[in-house]
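Hello,

Here is the structure I promised to pass on. Please have a look at it first, then read my notes below.

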Amino acid sequence: MTIDNKKGLINCIYAGGTQFSAQIEAILKAAKKDTRGIDITKTMPSDTIWHDMAKRLDTSLQSFIDIQHIEGYDAADDYSEEGLVKILAQHPEAMVGTIVMEGDTIMHITRYTELLKFFNVDSAGIEKTMHTEPPTTKRQTENERFI
């Protein structure tokens, strides 16, 4: 598997089967941009891709994995980067958040609201002027009744 880093294409790497992944998939489907969702429970990126993403994010692969919820592993242990890739390959459901890439931009996102910011979505398009405008209290149509 390769990841296309062309400008304008948003790659989103996540583990499917969670409420968070359902939110990610919904955002990707609704996006008015060119997107590619990569569910690691179905298609696992190569070791090289994982190491490259960690290097670009200036972090350890451990920040992508919730080890404390995997039976038989101890979060206090010091795992090598190669060992962490193997853990992730065996337990993709332990991935924390999603990794989003577009061109040279890469982010590790753990809340869907951060993903909305990546897509430049602001409160589902709701206007933020209500606090500055007085409420409408007069009839707008014949059938409305205000008491």
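Two strands count as paired if DSSP finds at least two bridges between them. Strand 3 and strand 4 (residues 105-109) meet that rule: they run antiparallel, joined by 5 bridges. Please keep in mind that this is a predicted model.

**The strands**

Strand 3 and strand 4 make a hairpin, with 2 residues between them. G103 sits in the turn and has a positive phi of about 60°. On its other pairing, strand 3 is antiparallel to strand 1 (residues 9-14), over 4 bridges. V100 takes part in both pairings: its bridge partner is C12 in one and M107 of strand 4 in the other.

How many residues of strand 3 (residues 98-102) are buried? The count is 5 of 5, so the strand is mostly covered, where buried means under 20% relative accessible area. T98, V100 and E102 point one way. I99 and M101 point the other way. Residues on both sides are buried.

**The helices**

Helix 2 (residues 47-57) packs against helix 3 (residues 81-90). The angle is about 115°, and the axes are 10 Å apart. The crossing is right-handed. From helix 2, the contact uses D47, W50 and H51. From helix 3, it uses E81, E82, V85 and L88. By class, that contact has 3 nonpolar, 1 polar and 3 charged residues.

**A loop residue to look at**

D58 lies in the loop between helix 2 and helix 3. Its phi is positive, about 55°, although D58 is not a glycine. Most residues other than glycine have a negative phi. Is D58 buried or exposed? D58 is exposed, with a relative accessible area of 71%.

**Confidence**

The chain averages a pLDDT of 82. Of the residues, 78% score at least 70. Among the elements, helix 2 has the highest mean pLDDT, 93. Helix 4 (residues 112-118) has the lowest, 77. Which stretch has a pLDDT below 50? Residues 123-128 do, and beyond near neighbours in sequence this stretch has 2 contacts in the model. Where pLDDT is low, the predicted coordinates should not be read in detail.

Best wishes

Conventions
Residues are numbered from 1 along each chain as its sequence is written. This is a predicted model: local features need pLDDT of at least 70, side-chain atom pairs count only at pLDDT 80 or more; totals for chains, interfaces and linings use all residues. Side-chain values use heavy atoms; hydrogens and water are left out. Axes are lines fitted to C-alpha atoms, for helices over the stretch in contact, and angles run from 0 to 180 degrees between N-to-C directions. A crossing is left-handed if the near helix is turned anticlockwise from the far one by less than a right angle, and right-handed if clockwise. Contact means heavy atoms within 4.5 Å. Ala, Val, Leu, Ile, Met, Phe, Trp, Tyr, Cys and Pro count as nonpolar, Asp, Glu, Lys and Arg as charged, and the others, Gly among them, as polar. pLDDT is the predictor's confidence in each residue, from 0 to 100. Buried means under 20% relative accessible area, exposed over 50%, partly exposed in between (1.4 Å probe, protein chains only).
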